[in-house]
Structure formats: C-alpha cells, structure tokens
Amino acid sequence: MSNLNIVYHNNGEVSIKDIGHKLDINESKWDALIDLIFEKHSQVFFYGVRLDYFNDDLIETIQYASDDFLINRNDNFQQILFKVKEANVRLSRGLIGKIWGYYESPSLIFLKDKSNQDSVVSVLKVSRFYDSLLNSVNGICMLYQSFEEDVLWIKSNDINVEIEILKKIGF
Amino acid sequence: MDPLAEKFYSVNPYNYTDNNPVNNIDPDGMETYYGDEARAYFTRLQSMAINNEDDKKKKKRNSGKNDPGKSYIKGIIGGLDNTWQGITGQFTLGGMAKGLANTVTFGAISSADMLMNGYTLINNIPNYDVDDYAYGAGFVTEKAAEYFVLKKALGKVDNALNFNLNEGWGVFEGKGLKVGNYKVDALYRNPRSQGGTILSIKQQKTGGNMLRWDFGNAHSPATGKIYHSTFRFNVNGNTYGTTGQAPVGAPFIFWKYKQK
C-alpha cells in the first residue's frame, strides 16, 4: 500500500491518507484491504448520510448496485442504507464509487452475522451515528470517509478483525 | 479597506463596524449601523422579504441573466474578510481583555440567532433579485464564520447547543441552502462519533467541496487540532487549497495556498 499514510488513533479508529489524491474507493489499491474485511464478514451495506446533490442517475446506480434497499429517510435520500451485491464490492466497485461521490459521509458497513441485519436497520433508523451502530450490534466493521476528502477511516468492534487489518496494512 | 476611510481618520482604515462586529453591522461597506439601529435594519430586511412577493419589479429582475453563484462567491469573500477584519480588530483593542469572554459569548449567541434569521429570510424570498439573494446567502455565511471564529476564540464549544440543531442535521435541516449551483450547510453533527461541521460550502457535483470548517479529530495530529479546515476552489483559473486538511485560519489567507 504505497503513497498511503496510516495513523492508529486512541479510540480504535484507523485512518489512511491517500497522499496527494482524493479518495477513490474504486481504485485497486484498496482491493486487498476490502477483500480481507469481506472474508471476515458475510454481508456488506452502503450507508450514506447527507446527500450533496440529487439526480436520476443516483437512483439508477443504486438500483444496479443494491440487493435490498433498507433505509431512505423521508424519501429524500439524505440518509440511505442498502445491501450491496457481492460482485459490486469484490469484483468492481465502480457503482459504489459513484454513489460514494454523491454523499458527504459515505461508508461501507460489513456485518459478520446475517441474522443481525434487522438490528442494523433498526439502530440506524433511531440514530444515524456510527458509534451507535458499533456499540449496539456485534461483528461490525466500517469503512468511511469523513471531512477530509483524501482519508479513508476504518473502525471495527471486533478486536480480532482489527488486529488482522492492522497486520494487513503493515501498521 | 474601507472605501470611506478618508472620512474617518481617527480609526484604522481596515476596521469593520468601528471594531464592534458583535453589535454593529455594515451590509455594504458604506455605512455602519449601531446597536438597536443594526437590529432594526435586519428586521427591515426581513419585512422586505415578506412583502417582496408583491414586488413585480423584483420578479422581472430575477430573470436569470445574472449568476447567483458568482454573486454569492463575491459575498462569501467579502463576508469572510469582514468577519476576519472585525474579529482581529476587536482583539487588538486595548483594555478589551477583561470583558472579552462575555463579549465573545454574547457575540457567538448573537451570530447564531442572526444565522437562523438569515436562513428564514432567504427561505421566504423566492422572487428575490439574484444579487440580493446572493447577498443574503453571503450574510448567512458571514454569520456562520463569525460564530465559528468567536467560539474558537472563547476556547470551547458546547456540543449540545451547536451540533444538535434539528436533531443534529444543522441549521438547514440536511438539505442545505442552495444558491445557484452552490450548497451551504452550517452547524451540523457528523455521523463519525463526536465532532461536527461549522460551515460547508460546495458545488453541487462530485468532488465539489469548496470550503469546510470542522470540529473533531482529523487524520494527522500535526495539523489535526480540534478545529481545522479543508478548502479547494478556483478563482480566475487558479486553484487554491487541496483535498487535505489545513490549519483553521487557512481559508482567510487562501492566496497563500495557491497550487502550481
């Protein structure tokens, strides 16, 4: 993982700065990391908060990329959650990368136990904040972008997954 | 610089509203309105907005031949400059230290109120002339910036008050304030744990971030103090700023961040 600067934060977050580039989740440099996380989990969801702008292309792209549309707050796409088809995470992330660009706070939520899907939905319907989910549902790992456009953040509530990730990224 | 500087030799030509931006306003740089007069002026602006639906001339002028986005950017630059000059001017005044904390607290609350009023104002003026509209949006931006600078000066942020407006969605309830192709949001919580965004201005397209002031932990401890900024915009073909974080005051001196 070249041209990346990695920082481990006290609260368990890991941040990876893509030096000199705007973060693009579609790039192959993220393949190894995403494959590793996917192997430890059974499902992946796209979770977006604060839509930057809206057009019909967004809806169409979501339709292609999603397996199951789970949250659309007030039907205005300001907060969305959908299950992503596996191929759109592991083989090609073009569609996810496109939707990622529509949101101020885009993220991927990896879930270990499929039976917890309803819990994920119900928690995020009540509170849209990442910590609410990480504190309420076991076996969650999140990849997300925050206010820095060139930084990818990772947080997991499974210590074993966290250790594997840190080994993988060579921290 | 004050275009009427020669009329006021007793004060610094870079002063804004006689060094008291908390109580006074100077909407166009040509006249300072003081205390109650300033409040009355703002109320008058609101009244204008309410009555504006009957103003056919305004409707006619709002024909789209002007660019609200460009006017708005002018408003932002003017607003930020006014805010910065005003705040720094205030801090260099002698004898201010004793009452500074109270002044700043009052100023921050006052700015937040005016920010809300500005939003209401703009939402009620669908037929506004584009320049007036952009001016109003610039006013909101200036107030958000002022609020931020004042709060920073005070050295603390009350999360419960600042980032829980509209259940944390902020002043503009998530959808933002749209001016031309620009979108403005203020004082909202980010989904990533604690922290929030004080002000965000962006073009409505992928990668359209222009200016953000954020509160919260950033990637790099070196510049990632609790307050910081990210900005990147083009002026006259030049790019200023980067996709990465910058010190909190960087947007005020954006010309020093010109990219080759």
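**Note on the predicted two-chain model**

1. With 9 C-beta neighbours inside 10 Å, Asn74(A) counts as exposed, because a residue with 12 or fewer such neighbours falls in that class. The structure under review is a predicted model. Asn74(A) sits in the loop that joins β4 (66–72) to β5 (79–84) of chain A. Although Asn74(A) is not a glycine, its phi is positive, at about 55 degrees.

2. Phe77(A) also deserves attention, as it is found in the loop between β4 and β5 of chain A. Its phi is near 65 degrees, a positive value in a residue other than glycine. Is Phe77(A) buried, exposed or partly exposed? Phe77(A) has 17 other C-beta atoms within 10 Å, and is therefore partly exposed.

3. The contact between the chains draws 24 residues from chain A and 25 residues from chain B. On the side of chain A that touches chain B, the elements giving two or more residues are β2 (14–18), β3 (43–51), α6 (130–136) and β8 (151–156). By class, this side of chain A comprises 9 nonpolar, 6 polar and 9 charged residues.

4. Chain B contains 6 helices and 6 strands. In what pattern do they follow one another along the sequence of chain B? The pattern is α-α-α-α-α-α-β-β-β-β-β-β.

5. Of the 260 residues in chain B, 43% are buried. Among the contacts in chain B with a separation of 6 or more, 50% are between residues 24 or more positions apart.

Definitions and conventions
Residues numbered from 1 in each chain as written. Chains lettered and ligands numbered in written order. Predicted model: local features only at pLDDT ≥ 70, side-chain atom pairs only at ≥ 80, totals over all residues. Contact = placed C-beta atoms within 7 Å. Helix = DSSP H or I, 4+ residues; strand = E, 2+ residues; numbered from the N terminus. Nonpolar A, V, L, I, M, F, W, Y, C, P; charged D, E, K, R; others polar. Buried ≥ 20, exposed ≤ 12 C-beta atoms within 10 Å, placed from the backbone.
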